[in-house]
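The sequence and structure are shown below.

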Amino acid sequence: MERQQPIGLFDSGVGGLSIAHAIRQRYPEENIIYFADLKFSPYGVKSKNIINKRSDQIVDFLINEGCKAIVVACNTATVSSISRLRSKYSVPIVGVEPGIKPAALHSKTGRVGVLATERTLKSESFESLKLRCSTEATVISKACPDFIPLVEGLKHNTDQAFDVAQAYIRPLLLEGCDQIVLGCTHFSFLRSTIEKVVEGKATVIDTADSVALELGRRLGKADQLNSKGGRVKTQFWTSSDSETALKAISALWGDEVDLSEVGALT
């Protein structure tokens, strides 16, 4: 496999762009393909079977596009599908896990709040992660169904977003949580709003950079990090093309993008 081959990322929507940003910042010579599965967004309310099927189909597509590694840039898809994806495909596959462990280790109150989707919070993977950290801290979780539409609709820095974040987070602060874990990649784009709500009473934990570092570690171990110069390319694909999607991806990526629609995935 050539080092210049791209890294593939996928999410149900635009949240995974937070991971793509972290990869671009750490590894600026890497080519990237990003797939937004907008036809099936959000994953957080979908069944595990649907998420597994879509994950298989999208990874097949990304590998056919020549990707040398896959990042499951979605917490919900990670907890639902990462184990079976790793058993099925030979390329490195990196997922996203809520940063409960570092939050628990740094908590002074012994109480950690986790903001995530309902599907993530109900997963066996999340329960296992909570159990592994139970000796360090009590984990108090909160499903946040209104966060993803705010990000997808580019309303993440509005008064509306502040009010929604306040409703989700204030109960966690009242419970004594001094660490707030962002358990969904979409929520990274709400970080500044969340920090306004927190007002320094808690530390906000985002795992985007940790994912980029783990990807780099795996690629480095396989001698697959791209060290050659040249024009770097980032491609954007979606399962449901629209002007709204194009506007959202361009805004959150920070530049105008070309968005291509993929036909039916099989």
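Helix 8 (residues 159-174) and helix 9 (residues 191-198) pack at an angle of about 50 degrees, with their axes 9 Å apart, and they are therefore oblique to each other (angles under 35 degrees count as roughly parallel, over 145 as roughly antiparallel, 65 to 115 as roughly perpendicular and the rest as oblique). Helix 8 passes helix 9 in a right-handed crossing. The model is predicted, so that local features need pLDDT of at least 70 and side-chain atom pairs count only at pLDDT 80 or more, while totals for chains, interfaces and linings use all residues. Residues are numbered from 1 along each chain as its sequence is written, and side-chain values use heavy atoms, with hydrogens and water left out.

The residues that meet, with contact taken as heavy atoms within 4.5 Å, are as follows.

| Helix | Residues in the contact |
|---|---|
| Helix 8 | A161, F162, A165, Q166, I169, L173 |
| Helix 9 | T193, I194, K196, V197, V198 |

Eight of the residues in this contact are nonpolar, two are polar and one is charged.

Elsewhere, six strands form an open sheet in the order 4-3-1-2-9-10, with parallel pairing (two strands pair if DSSP finds at least two bridges between them). Strand 4 (93-94) and strand 10 (259-261) stand at the edges with a single partner strand each, so one side of each has no neighbour in the sheet. Strand 2 (residues 32-36) pairs with strand 9 (residues 234-238) in the parallel sense over five bridges, and I32 stands opposite T234 in strand 9. Helix 1 (residues 17-26) lies across strand 1 (7-11), strand 2, strand 3 (69-72) and strand 9, and runs at about 175 degrees to strand 2.

Technical notes. Axes are lines fitted to C-alpha atoms, for helices over the stretch in contact, and angles run from 0 to 180 degrees between N-to-C directions. Helices (H or I, at least four residues) and strands (E, at least two) are DSSP runs, numbered from the N terminus. A crossing is left-handed if the near helix is turned anticlockwise from the far one by less than a right angle, and right-handed if clockwise. Ala, Val, Leu, Ile, Met, Phe, Trp, Tyr, Cys and Pro count as nonpolar, Asp, Glu, Lys and Arg as charged, and the others, Gly among them, as polar.
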